Amino acid sequence: MNKTNLKVQVRKEAGKGAARAARRSDLVPGVIYGNNANPVLINTDPKTLMMELTKPGFKTRVFEIDCDGKKETCICQNVQFHPVKDTPLHIDFLRISKDKKVKVSVPVIFENRDKNTALKQGGTLNVIIRAVKLLCDADKIVNQIIVDLAPLAANSAVKLFDLNLPEGAKLYDTKINYTIANLLPSRVSRMEEEKAAPAASSAPAAAAKAAKPKK
């Protein structure tokens, strides 16, 4: 299991007042919880946190958090951001262990755009869902799901159940096979299809009229 090291301070006091005091001290308050252990209140350096947030897969990475000398193995469950400044206001970490599964939101990555015929002809990839929720073994957390665009034709769709999941991972919600993305044809191709459609529909009528005996 690859881990990202993160050093934090243990916060003694709980409540909104203590969280506001942490922010006034240029710190980001947070909490570590789960795995049948008592929660630990923490403060995090905002510069260090922002540096990690800008790296790919923040919510699917495993962190080894140093809480004043005590190590906690965690993943991020939630980050609250300032509505205007877009800076972190609060962060939640969930403890994990190898013998348990964890729910993670995993980004969907689309590869081989340059090898897709429809896209090379001016088509458009309409991405509807950019991340899906999975249940993963804690020591095999999936960082991303790859969709190969190369073989897809125009007007095709990538569905939830079409995704190739690695060993140790499964879909969190299997009730609806919703669409992840659509591959739309180019505007020229759509216009040609629209022109061809009336001609195709009128052909049987024309044939029937020609075959009708004259009185």
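A residue is called buried when its relative accessible area is under 20%, exposed when that area is over 50%, and partly exposed in between, with a 1.4 Å probe and protein chains only. By that criterion, buried residues make up 34% of the 215 residues in the protein chain.

Colleagues, the model before you is predicted: local features need a pLDDT of at least 70, side-chain atom pairs count only at pLDDT 80 or more, and totals for chains, interfaces and linings use all residues. Residues are numbered from 1 along each chain as its sequence is written, and side-chain values use heavy atoms, with hydrogens and water left out.

I begin with the overall architecture. The protein chain contains four helices and 13 strands; these are DSSP runs, helices being H or I of at least four residues and strands E of at least two, numbered from the N terminus. A contact means heavy atoms within 4.5 Å. Among contacts between residues at least 6 apart in sequence, 64% join residues at least 24 apart. The accessible surface of the chain is about 13,500 Å², and carbon and sulfur atoms account for 52% of it; such areas come from the Shrake-Rupley method with a 1.4 Å probe, and for residues only the protein chains shown count as cover.

I turn now to the salt bridges. The structure holds six of them, each defined as a side-chain nitrogen of Lys or Arg within 4 Å of a carboxyl oxygen of Asp or Glu. One joins Asp66 to Lys7, with 3.7 Å between the closest N and O atoms. Asp66 belongs to strand 4 and Lys7 to strand 1 (residues 3-10), so this pair ties together parts that are 59 residues apart in sequence. Asp66 is buried, at 17% relative accessible area, whereas Lys7 is exposed, at 60%.

Another salt bridge pairs Lys101 with Asp137, at 2.7 Å from N to O. Here too distant parts of the chain are linked, since Lys101 sits in strand 7 (residues 101-111) and Asp137 in strand 9 (residues 131-137), 36 residues apart. Lys101 is partly exposed, with a relative accessible area of 44%. Elsewhere, salt bridges with shared partners join Glu52, Lys55 and Arg61 into one network. Glu52 is buried, at 6% relative accessibility, while Lys55 is partly exposed, at 37%.

Which residues surround Thr60, leaving aside its neighbours within four places in sequence? Thr60 is in contact with Val104, Ser105, Val106, Pro107, Ile141, Val142 and Asn143. Thr60 itself lies in the loop between helix 2 (46-53) and strand 4 (62-67), and it is buried, with a relative accessible area of 2%.

Finally, two places on the surface. Lys16, Arg20, Arg23 and Arg24 gather in a patch of positive charge. Patches are made of residues with over 30% relative accessible area and no salt bridge, like charges being joined within 9 Å; Lys and Arg count as positive, and a charge is placed at NZ of Lys or CZ of Arg. Arg24 lies in helix 1 (residues 16-24) and is exposed, at 66%.

Lys120 lies in helix 3 (residues 117-120) and is likewise exposed, at 58%. Not counting residues up to four places away in sequence, Lys120 touches Asp114 and Lys115. The C-alpha atoms of Lys120 and Ser186 are 9.3 Å apart, although 66 residues separate the two along the chain.

Methods: Patch = residues over 30% accessible without salt bridge, like charges linked within 9 Å, V, L, I, M, F, W, Y side chains within 5 Å.
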